[in-house]
Amino acid sequence: MKVKVILKENIKGVGKKDEIIEVKDGYANNFLFAQNKAVPATPENINKLENKKNKISKNIEKEVTHANELKEKLENNSIVLKVKVGKDGKVFGSLGAKEIEEAVKEQLNIQIDKKKMGNDARLKSIGQHKVEVKLYAEIKAILTVNVVSL
(Lines give C-alpha, C1' and ligand atoms only; values in the text may rest on other atoms or scores of the structure.)
Protein backbone atom coordinates (compact mmCIF):
# COMPACT_ATOMS: atom_id res chain seq x y z
CA MET A 1 0.00 0.00 0.00
CA LYS A 2 1.22 3.52 -0.78
CA VAL A 3 0.87 6.73 1.22
CA LYS A 4 1.44 10.37 0.36
CA VAL A 5 4.02 12.27 2.39
CA ILE A 6 5.52 15.77 2.44
CA LEU A 7 9.32 15.70 2.57
CA LYS A 8 11.00 17.89 5.19
CA GLU A 9 14.41 17.71 3.46
CA ASN A 10 16.04 16.65 0.20
CA ILE A 11 16.45 12.88 -0.01
CA LYS A 12 18.60 11.58 -2.84
CA GLY A 13 16.66 9.36 -5.20
CA VAL A 14 13.35 10.13 -3.47
CA GLY A 15 12.53 13.84 -3.76
CA LYS A 16 13.17 17.41 -2.72
CA LYS A 17 12.18 19.38 0.36
CA ASP A 18 8.48 20.44 0.52
CA GLU A 19 7.60 18.03 -2.28
CA ILE A 20 4.53 15.79 -1.97
CA ILE A 21 5.40 12.24 -3.03
CA GLU A 22 3.87 8.80 -2.83
CA VAL A 23 5.89 6.03 -1.13
CA LYS A 24 5.24 2.57 0.30
CA ASP A 25 3.77 2.72 3.78
CA GLY A 26 6.59 0.61 5.29
CA TYR A 27 9.25 3.02 3.95
CA ALA A 28 7.23 5.97 5.23
CA ASN A 29 6.68 4.53 8.73
CA ASN A 30 10.03 2.84 9.27
CA PHE A 31 12.34 5.43 7.70
CA LEU A 32 10.80 8.79 6.75
CA PHE A 33 8.59 9.32 9.81
CA ALA A 34 10.99 7.59 12.22
CA GLN A 35 13.88 9.88 11.22
CA ASN A 36 11.67 12.98 10.99
CA LYS A 37 12.38 13.35 7.26
CA ALA A 38 8.72 13.60 6.25
CA VAL A 39 5.19 14.17 7.53
CA PRO A 40 1.94 12.58 6.33
CA ALA A 41 0.25 14.54 3.52
CA THR A 42 -2.92 15.28 5.50
CA PRO A 43 -5.14 18.19 4.44
CA GLU A 44 -3.85 20.15 7.45
CA ASN A 45 -0.17 19.58 6.53
CA ILE A 46 -0.84 20.35 2.85
CA ASN A 47 -2.51 23.63 3.93
CA LYS A 48 0.54 24.51 6.07
CA LEU A 49 2.80 23.82 3.08
CA GLU A 50 0.70 26.05 0.80
CA ASN A 51 0.77 28.88 3.39
CA LYS A 52 4.56 28.55 3.66
CA LYS A 53 4.95 28.72 -0.14
CA ASN A 54 2.65 31.78 -0.34
CA LYS A 55 4.63 33.54 2.40
CA ILE A 56 7.91 32.83 0.59
CA SER A 57 6.56 34.15 -2.74
CA LYS A 58 5.28 37.34 -1.04
CA ASN A 59 8.72 37.89 0.51
CA ILE A 60 10.35 37.42 -2.90
CA GLU A 61 7.95 39.97 -4.41
CA LYS A 62 8.86 42.48 -1.67
CA GLU A 63 12.58 41.92 -2.24
CA VAL A 64 12.23 42.35 -6.01
CA THR A 65 10.23 45.58 -5.54
CA HIS A 66 12.84 46.89 -3.11
CA ALA A 67 15.67 45.96 -5.49
CA ASN A 68 13.95 47.77 -8.38
CA GLU A 69 13.50 50.90 -6.24
CA LEU A 70 17.19 50.79 -5.28
CA LYS A 71 18.15 50.31 -8.93
CA GLU A 72 16.21 53.43 -9.90
CA LYS A 73 17.84 55.50 -7.14
CA LEU A 74 21.34 54.32 -7.99
CA GLU A 75 20.96 54.83 -11.74
CA ASN A 76 19.37 58.30 -11.41
CA ASN A 77 22.12 59.60 -9.11
CA SER A 78 25.89 59.61 -9.18
CA ILE A 79 28.54 59.79 -6.50
CA VAL A 80 31.77 61.79 -6.34
CA LEU A 81 35.02 60.40 -4.98
CA LYS A 82 37.82 62.88 -4.26
CA VAL A 83 41.32 61.42 -4.37
CA LYS A 84 44.97 62.39 -4.54
CA VAL A 85 46.40 62.00 -8.01
CA GLY A 86 49.88 61.95 -9.47
CA LYS A 87 51.09 62.82 -12.93
CA ASP A 88 48.91 61.91 -15.92
CA GLY A 89 45.78 61.90 -13.74
CA LYS A 90 46.64 58.52 -12.22
CA VAL A 91 45.16 57.73 -8.82
CA PHE A 92 47.59 56.70 -6.07
CA GLY A 93 46.72 53.04 -5.57
CA SER A 94 43.15 52.41 -6.62
CA LEU A 95 39.63 53.01 -5.43
CA GLY A 96 37.73 49.84 -4.66
CA ALA A 97 34.31 48.59 -3.66
CA LYS A 98 34.83 49.65 -0.02
CA GLU A 99 35.34 53.33 -0.93
CA ILE A 100 32.38 53.23 -3.33
CA GLU A 101 30.17 51.59 -0.68
CA GLU A 102 31.07 54.30 1.86
CA ALA A 103 30.46 57.10 -0.65
CA VAL A 104 27.04 55.71 -1.62
CA LYS A 105 26.07 55.49 2.06
CA GLU A 106 27.32 59.02 2.76
CA GLN A 107 26.09 60.80 -0.38
CA LEU A 108 22.91 58.92 -1.30
CA ASN A 109 22.00 57.46 2.11
CA ILE A 110 21.71 53.99 0.57
CA GLN A 111 23.26 50.89 2.14
CA ILE A 112 24.75 48.48 -0.40
CA ASP A 113 27.08 45.55 0.15
CA LYS A 114 30.54 45.94 -1.35
CA LYS A 115 30.50 42.23 -2.23
CA LYS A 116 27.64 42.91 -4.65
CA MET A 117 29.76 45.16 -6.86
CA GLY A 118 31.15 43.86 -10.12
CA ASN A 119 34.79 43.44 -11.05
CA ASP A 120 34.70 46.90 -12.62
CA ALA A 121 34.73 48.47 -9.12
CA ARG A 122 38.54 49.01 -9.22
CA LEU A 123 39.02 52.60 -10.35
CA LYS A 124 42.51 53.81 -11.19
CA SER A 125 41.99 57.07 -13.09
CA ILE A 126 40.15 60.36 -12.88
CA GLY A 127 36.89 60.70 -14.75
CA GLN A 128 33.46 59.16 -14.94
CA HIS A 129 33.18 55.42 -14.40
CA LYS A 130 30.28 52.96 -14.52
CA VAL A 131 30.15 50.32 -11.80
CA GLU A 132 27.73 47.40 -11.85
CA VAL A 133 25.93 46.62 -8.57
CA LYS A 134 24.04 43.34 -8.21
CA LEU A 135 20.90 44.01 -6.17
CA TYR A 136 18.98 40.75 -6.54
CA ALA A 137 19.07 37.57 -8.64
CA GLU A 138 18.56 39.16 -12.08
CA ILE A 139 18.45 42.83 -11.05
CA LYS A 140 21.59 44.90 -11.60
CA ALA A 141 22.10 48.65 -11.42
CA ILE A 142 24.76 50.72 -13.17
CA LEU A 143 26.16 53.30 -10.73
CA THR A 144 27.95 56.37 -12.08
CA VAL A 145 31.09 57.21 -10.09
CA ASN A 146 32.88 60.50 -10.73
CA VAL A 147 36.51 60.42 -9.61
CA VAL A 148 37.98 63.90 -9.12
CA SER A 149 41.29 65.17 -7.77
CA LEU A 150 41.53 66.94 -4.43
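The model is predicted, so local features require pLDDT of at least 70 and side-chain atom pairs pLDDT 80 or more, while totals for chains, interfaces and linings use all residues. Residues are numbered from 1 along each chain as its sequence is written, and side-chain values use heavy atoms, with hydrogens and water left out.

The chain comprises domain 1 (2–63) and domain 2 (77–149), with bounds from an automatic or database domain assignment. The centres of the two domains, taken over C-alpha atoms, lie 45 Å apart.

The largest nonpolar core contains 26 residues, and Leu74, Ile100, Val104 and Val145 have the most contacts inside it. Such a core is a set of buried Ala, Val, Leu, Ile, Met, Phe, Trp, Tyr and Cys residues joined through side-chain atoms within 4.5 Å; buried means under 20% relative accessible area, with a 1.4 Å probe and protein chains only. At least two residues of this core come from each of α2 (43–76), β4 (78–83), β5 (90–95), α3 (97–108), β7 (127–136) and β8. Helices (H or I, at least four residues) and strands (E, at least two) are DSSP runs, numbered from the N terminus. Another core, of eight residues, lies apart from it and includes Val5, Ile11, Leu32 and Ala38.

Just after α3, Asn109 takes a positive phi of about 55°.

Strand β8 (residues 139–149) holds Thr144, which counts as buried because its relative accessibility is 9%. The side chains of Thr144 and Lys130 are joined by a polar contact of 3.1 Å (a pair of N or O atoms within 3.5 Å; within protein, one must be able to donate a hydrogen and the other to accept it, and residues adjacent in sequence count only if both atoms are side-chain atoms). Ile139, also found in strand β8, is buried at 10% relative accessibility. Ile139 and Leu70 are 69 residues apart in sequence, yet their C-alpha atoms are 9.9 Å apart in space.

Definitions and conventions: Buried means under 20% relative accessible area, exposed over 50%, partly exposed in between (1.4 Å probe, protein chains only).
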